[in-house]
Amino acid sequence: MGPAHWLALGSLLALSALLEGRLVGEEDSGFGECDQFFYAETPPAGLAAEGHVKICQRSEGTERFATLYSTRDRIPVYSAFRAPRLAPSSAEQRWLVEPQIDDPNSNLEEVINEADAITSVNNLGSKQALNTDYLDSDYQRGQLYPFSLSSDFHTATFALTNAAPMTPSFQERWYMNLNSLMDRALTPQCGSGDDLYILTGAVPSVHKVKDKVTIPEFVWLAACCAVPGGRWAMGFIKHTRDGDIIEDVMVKELEKLLPLNPQLFQNNCGDTEQDTEKMKKILEMVNQVQDEERMVHSKERSSPLSSTESEQSALLPPEAPEEKSSLFGKLMGFITSPFIKLFQLIGYLVVGILKSIVYFLWFVSQQVMNGIQSCLYRLGSATISYFLAIGEELASIPWKVLKVIVKIIRAILRILCCLLKAICRILGIPVRVLVDVASFPVYTMGAIPIVCKDIAVGLGGIISLLFDTAFGTMGGLFQVVFSVCKRIGYRVTFDNSGEL
């Protein structure tokens, strides 16, 4: 072996040591250490099915992203990652396989090169795609989590469990759409991007590459921003047909388009706290990305015309050599040749000008049609949103009326409850007390004559006592006066008798 061979083998072993792909057991509800790449650490509900394998992709001892892989279709169902960081555009493509998918008893816990796995892995390629499945086909290995959004030396994204068949043109547009959306629309509207959760997936079609690897019908992207006070969620789909533009949809609409109607984000990424202003800004940038993609399609459609003409002109047979003519013929040819060349030049100029005018008019008409289509789409979206808002308000009126009626009934019931409580308290008073209270007026009225009689007797006694006192006093005085007068009279009489 030469030094170059040993160097290549050493670099391959170093790459395998850097990248690990840990299969998560079926008994685990999530993706183990890779749950951090899902909103609220909860994977999508409803997408896991028989034949799906959960993989926690690791690189340099660190978790990089999570993948749900379909062993039946041999393409990923989705890959989940967060906080994308734009990395250098160049990357060395070294596609690796997961040994434990085909051979669960394999002691290899790291992804390895396909050539090295042939001798060490049993049933290699029975449940996963291989590099040989893409050879001599019109499809390439397209990454759901592109290397251009990774910052870990690109190794983790080059696992075949992260790839699905894509045509070269579609792969180029898909990467361009992802980079544009991340760089211009999604990440700027989610703070620093650390709270941005991304899901990229593929929906299988009925077509396969070499009857093994299923070709996606369309690929999709779902984004959830979990910034407190600025949450939002958006979805995007892109069909694999040529000429299709990436479409923006709501996450709930995207879930309806996916098999099994799953729930991509727990609680729909907090849909009750969606920041509509940020979503409007995202849609404005998405419209710009769509317009740019339409312009690229327009240029691609116009460029094949000129290339076809050049190919046709190149295939034209060469002119036959002129035969020897007479001197007169040579003289006439010498005289008429400049005029012929001039007429040919004028013809070329006229044809070129006409072609340029036609191309310009066609380009202008395309731009006008695209502008009208975009305006109609925005007008339709605004109209639908307006009517939906009105419909929601009208639908909420009966509910609000019902709430008011319920409150009135509750108030009446409270009043009746208070009355019943008062009656119960009244009935709880002893009967003897009630009888005494009721008989109090009777006894009072009956006692009035007796009291008046007693008062009259007392007054009569007082008057009689007064009279007795007065008469006694007067009698006493009369007796005293009488006794005094009697004594005085006796003395007068005695004195008079002595004189005699």
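Numbered in sequence order, the bonded cysteines of the chain pair 1-2, 3-5, 4-6. The model shown is predicted. A search of the whole structure finds three disulfides.

**View A. The disulfide of Cys34 and Cys56.** The sulfur atoms of Cys34 and Cys56 lie 1.9 Å apart. That separation falls within the 2.5 Å cut-off, so the pair counts as a disulfide. Distant parts of the chain are linked here. Cys34 sits in the loop between strand 1 (19-24) and strand 2 (52-59), while Cys56 belongs to strand 2. The two residues are 22 residues apart. The torsion about the S-S bond is about 75°, so this disulfide is right-handed. Cys34 is buried, at a relative accessible area of 0%. Cys56 is buried too, with a relative accessible area of 0%.

**View B. The disulfide of Cys190 and Cys225.** Cys190 is joined to Cys225, with an S to S distance of 2.2 Å. The link is right-handed, with 95° about the S-S bond. Again, distant parts of the chain are linked. Cys190 is in the loop between helix 4 (168-186) and strand 9 (196-209). Cys225 is in strand 10 (residues 213-225). The pair is 35 residues apart. Cys190 has 1% relative accessibility; under 20% means buried, so Cys190 counts as buried. Cys225 has a relative accessible area of 0% and is buried.

**View C. The disulfide of Cys224 and Cys269.** The sulfur atoms of Cys224 and Cys269 are 1.9 Å apart, and the two residues form a disulfide. At 80° about the S-S bond, this link is right-handed.

View D. How is the pairing of the bonded cysteines numbered in sequence order? The pattern is 1-2, 3-5, 4-6. Cys418 is in no disulfide. The nearest cysteine sulfur to Cys418 is that of Cys417, 5.8 Å away. Cys424 is in no disulfide either. For Cys424 the nearest cysteine sulfur is again that of Cys417, at 9.1 Å. Is Cys424 buried or exposed? Its relative accessibility is 53%, so Cys424 counts as exposed.

How values were computed. Residues are numbered from 1 along each chain as its sequence is written. This is a predicted model: local features need pLDDT of at least 70, side-chain atom pairs count only at pLDDT 80 or more; totals for chains, interfaces and linings use all residues. Side-chain values use heavy atoms; hydrogens and water are left out. Helices (H or I, at least four residues) and strands (E, at least two) are DSSP runs, numbered from the N terminus. Buried means under 20% relative accessible area, exposed over 50%, partly exposed in between (1.4 Å probe, protein chains only).
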